[in-house]
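Please consult the sequence and the structure shown here before reading the notes.

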Amino acid sequence: MKPQTLIDFFNERNQSLTKCFKRADADNLEETLHKLRVDIKKIHFLLLFIGYFNHRKNIHDLYLPYRKIFKSIGVIRELQLKQKLLIEYDPGKETIKEQNKLLKKEKKLAKNFLSHIHEYLKLIDATNKIALTIFEKFPVFNEMEFLHSLSLLTKRQFSKINVEHLHESRKTLKTIIYSKQLFPHAAVFRKILNVKVADDLQDLIGAWHDKTVLADWMNQNSKSSEYATIKVSIKNAAAADFKLIKQASSNLFRS
């Protein structure tokens, strides 16, 4: 893997981030936040790849500005997801007060986020300049070593599903997907890892995680007797997702 390939990948993601920020407003915020999260995840992947070969502290530090943005986005996205799921599992609008509280909090955080866009753009620009200076000094990396390590990690995580670590394992699946984009012709994707299954599986885990987060939130913020039917529906849906996850994980590796 030549340094220029890494630089091109990094530049593409930062250009996409900049465009998203400049187009962001209250009307298209949900879509914008999703795109920003995807781009930041890809940048994180790239820095993890570089960090695999180079353990210098400044590689870790490069992600800190993106992490700050990612965390701000994550809080808003979680509020949006909770509202969507409540609407889906509560057609009778029993939780309308809770939905309105979530919406009010979302709007407040969204307004704050939009007010900091100029600051975020400056952070990205400054980090980009530092990163490119560092990247240009890198040697040629052997991506096969990284991909071999990734396939071993995937086997450990999915040979037996661990509920407590499932959300973390989703990050490994994302790494597989982004690796395929950066190294499209790598043999590991033809012989060992099924990227299509990895993509479907991470979607399933994401859906399962959203429901479990909502279920936990409802249990913490309401009496045990409140919204009993809705809670059961969400719990059953999460259980159905988990069953699909176990089935899909069995096809993650090519025979």
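Helices (H or I, at least four residues) and strands (E, at least two) are DSSP runs, numbered from the N terminus. The model is predicted: local features need pLDDT of at least 70, side-chain atom pairs count only at pLDDT 80 or more, and totals for chains, interfaces and linings use all residues. Residues are numbered from 1 along each chain as its sequence is written, and side-chain values use heavy atoms, with hydrogens and water left out.

**Terms for spaces**
- On a 1 Å grid over the protein atoms alone, a cavity is a set of points where a 1.4 Å probe fits but cannot get out, whereas a pocket is an open set with protein on both sides within 12 Å along at least five of seven lines; lining residues have an atom within 4 Å of a point.
- Grid points are joined across faces, edges and corners, and a volume is the space filled by probe spheres set on the points.
- Ala, Val, Leu, Ile, Met, Phe, Trp, Tyr, Cys and Pro count as nonpolar, Asp, Glu, Lys and Arg as charged, and the others, Gly among them, as polar.

**Largest pocket**
- Its volume is about 1,400 Å³.
- Of the 42 lining residues, Arg37, Lys41, Phe70, His167 and Lys171 lie nearest the centre.
- The helix α3 gives the most to this lining, with 12 residues.
- The lining comprises 17 nonpolar, 11 polar and 14 charged residues.

**Largest cavity**
- The whole structure holds one cavity of 30 Å³ or more, and the largest cavity has a volume of about 40 Å³.
- Among the residues lining the largest cavity are Trp217, Met218 and Tyr227.
- The largest share of this lining, three residues, comes from α9.
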